[in-house]
Amino acid sequence: MVVIAPRIDPRLVAALARIDDPRCPIAETNRRLGRIAAGLGFPKPSYQQVRVIVHALRRRKLDPDIGELLLDFMLRTRSPEQILELLTGYK
């Protein structure tokens, strides 16, 4: 009998954030997370749950938060124009 989790434990989501590699297929990430879940005694998350979370994590990595933008501004790694473009969405 296969046991399926209705929700992914926050510790597994944290593990997923650490093990996700955008160069690696989500299916492989799902297999790795399944091994971690088994090691922790949790049910294996469904592929669909993992896929949705991975896509959300990857989107989040692409979108800098305000703290990152302010740090970039202070360190002059982004121009003020680039920061305004990111904040407003206009180019």
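Arg31 and Glu28 form a salt bridge in which the closest N and O atoms are 3.1 Å apart, a salt bridge being a side-chain nitrogen of Lys or Arg within 4 Å of a carboxyl oxygen of Asp or Glu. This is a predicted model, in which local features need pLDDT of at least 70 and side-chain atom pairs count only at pLDDT 80 or more, while totals for chains, interfaces and linings use all residues. Residues are numbered from 1 along each chain as its sequence is written, and side-chain values use heavy atoms, with hydrogens and water left out.

- Arg31 counts as partly exposed at 45% relative accessibility, as does Arg32 at 32%, whereas Arg35 is exposed with a relative accessible area of 54%; the classes are buried under 20% relative accessible area, exposed over 50%, and partly exposed in between (1.4 Å probe, protein chains only).
- Over the whole structure, a search finds six salt bridges.

**Geometry and faces of helix 2**

- The 15 residues of helix 2 (residues 26–40) should span 21 Å at 1.5 Å a residue, which agrees with the 21 Å between its end C-alpha atoms; the expected span is 1.5 Å times one less than the number of residues.
- Ile26, Thr29, Asn30, Leu33, Gly34 and Ala37 are the buried residues of helix 2.
- These residues cover an arc of only 145 degrees around the axis, which puts them on the same side of helix 2, the arc being that of the directions from the helix axis to the C-beta atoms.
- Arg35, Ala38 and Gly39 are exposed on the other side of helix 2, and Gly41, just after the helix, takes a positive phi of about 85 degrees.

**Nonpolar core**

- The largest nonpolar core has ten residues in all, namely Ile8, Leu12, Ala15, Leu16, Ile26, Leu33, Ala37, Val50, Val54 and Leu57, where a core is a set of buried Ala, Val, Leu, Ile, Met, Phe, Trp, Tyr and Cys residues joined through side-chain atoms within 4.5 Å.
- Helix 1 (10–19), helix 2 and helix 3 (47–62) are the elements that give two or more residues to this core.
- Leu57 touches Leu16 and Ala17, not counting residues up to four places away in sequence, with contact meaning heavy atoms within 4.5 Å.

- Phe42 lies in the loop between helix 2 and helix 3 and counts as partly exposed at 22% relative accessibility.
- Leaving aside neighbours within four places in sequence, Phe42 is in contact with Asp9, Arg11, Leu12 and Ala37; the C-alpha atoms of Phe42 and Leu12, 30 residues apart along the chain, are separated by 8.8 Å.
- Arg58, found in helix 3, makes a side-chain polar contact with the side chain of Asp20 at 2.8 Å, a polar contact being a pair of N or O atoms within 3.5 Å; within protein, one must be able to donate a hydrogen and the other to accept it, and residues adjacent in sequence count only if both atoms are side-chain atoms.
- A polar atom of the Arg58 side chain also lies 3.4 Å from the backbone oxygen of Asp21.

How values were computed
Helix = DSSP H or I, 4+ residues; strand = E, 2+ residues; numbered from the N terminus.
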